[in-house]
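Subject: Model handover

Hello,

Please find the model below. Notes on what was found in it follow.

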Amino acid sequence: MKKHIIITIILLVAVVAVTVVYFKNLNTTTASSTGKVMESIPNTAGLVFEFGNDAGFYDIFKDNDLLTNIAGKQKMQELDLLRRKLLNAPLLKNYFNDQHIYVSIHGQPADSISFLITVAGSAIFSKTHIAELAKQAKTGLKITDTKLGGKNGYSIYLDSLKKTFYVADKGNNIFSGSFSKPLAEQSAGYKPAKGSINYLQIPDQQNNNSLANLYVNYEQLTPLFDMFFKSTNNSVLKTLRMMPGLAALPINYRKDALIFNGYTNIQTDKRLSYATLFRKQQPTVSKLKDLLPSTTALSTCFTLSDVKKFAQDLDQFHKNAGLEAEKNTLFKKVKDESGVSLPGKFNGQLTGEFAVVTTRFDEKFAIIPIKDPQSTRQLMVSISNMATDDVGQFRYNKLPFFLLGDAFSVFNHPYFMILDGYLILSNSQNELNSFKDSYDNDKFLNRTDGFQKFDNLLAERCNVSYLIHFRNVYPLLKRDMKPSYSTLFNPDGQIGDRLQALSWQLSGADGSYYTNFCLTFND
């Protein structure tokens, strides 16, 4: 199946592109059945795309060839044929008027990704209509009854595609279908646990006014990512994917970008992750994006309105994770050997921002604005072995991790340098020199072509901001991704050439996050 699904790094482009063509020309919907239908979707989906397929939706997208260019013309033609032959068949289409369509993405065995289509028929729909369609001649369809996951279903062979589409009757006029038989069987047999909430829902009134919605189960993103990468320990959006949260994001349509805005609710009944520590901070303007080197492939910028509260929350987080004893032992050793009470001194120098950056050359930097460069330098010298007058290496392991959290775990015995009002950490002197070269010579990402246009689409204030720059990240994807997927992001290819940058921003809002997703394309 993986050869038939074109994806982006988190599949959003494919979801929208597949949906637009797949169900084009179906009719308008309401959100009355949203709850029942979404409850029937297996909880293995990391992403669910929903839209009310009214004329306005298709009028907006019909002249936009961007999605087809990204997803692939051949694939779109295949899906359009399925729509015309089956879902838009005269015997069936009227019974699915005024319904919402749900496209969910699921990781499957054998390193494959499959999508599931779920829809509710109207109350007057009868399974005899499918039987009548099966009897018609020259439809290009071969429809046979079958069993899927212990429930009645249909095996639909499409002559033109030479592929079988499996449809499960889930009861209550809810149907789900997939080209993957195992996924169709999983959907047919799926029963949600009592009281479980797998997808955050949008109120019906708001839903009816929304052109389309994206639902995210963050913890289910990792199984999807694992299908693409050679190792399950890949770092792309790692702290985001570990977050126990559910998001509902209505689309904010633009012709030159994919933008979704909405809320992420944190599931506080589950073990909290590092990314949840910022949800009670007030959103703040970040200036660190202006210091990202022009070679930046991945970055995560964090902003705080209350440094003291963050330090307290991080201490509690480490305590809950069983790390309190190790942390206390390390800081005691630092104090005994250097005379420095490191946490208090270090936190006192923080201005409320810090960032972690990975470049196209796999260089890793931490950028930490500081209040007093001279005092910070003295503090760093006291815990380091100096290599030069300006560069030293920490004598102690895991200090950045315990001082600033999970995002800094890549720096064990880092080297440091003070550049004006910034503490820079890296894993080698060469990397520090590389950052200094970018800093001294004004070689920043915001000076590159098109970045300012992308930046103008982002929220000005937030607490956590993830960035992927596709041209720069390709060398890392080529190394770490399975070849069948990494080639999709080749900037010299038809798809990779169109992708510019992706941002996922989280802004604290009453213990949850207001969320902005933005994916932009090259002109």
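Is Phe-302 buried or exposed? Phe-302 is buried, with a relative accessible area of 1% (buried means under 20%, exposed over 50% and partly exposed in between, with a 1.4 Å probe and protein chains only).

Two points on the source. This is a predicted model, in which local features need pLDDT of at least 70 and side-chain atom pairs count only at pLDDT 80 or more, while totals for chains, interfaces and linings use all residues. Residues are numbered from 1 along each chain as its sequence is written, and side-chain values use heavy atoms, with hydrogens and water left out.

Aromatic pairs

There are 25 aromatic pairs in the structure (ring centres of Phe, Tyr or Trp, the last by its six-membered ring, within 6.5 Å; planes under 30 degrees apart are stacked, over 60 edge-to-face, the rest tilted). One of them is Tyr-263 with Tyr-514, edge-to-face at 5.2 Å centre to centre and 80° between the planes. Tyr-263 is in strand E10 and Tyr-514 in strand E22, so this pair ties together parts 251 residues apart in sequence (strands are DSSP E runs of at least two residues, numbered from the N terminus). Tyr-263 is partly exposed at 43% relative accessible area, and Tyr-514 is partly exposed at 30%.

Phe-278 and Phe-302 form a stacked pair, 4.9 Å centre to centre with 25° between the planes. Phe-278 lies in the loop between E10 and strand E11, and Phe-302 in strand E12, so the pair links parts 24 residues apart in sequence. Phe-278 counts as buried at 0% relative accessibility.

Regards

Terms used:
Helix = DSSP H or I, 4+ residues; strand = E, 2+ residues; numbered from the N terminus.
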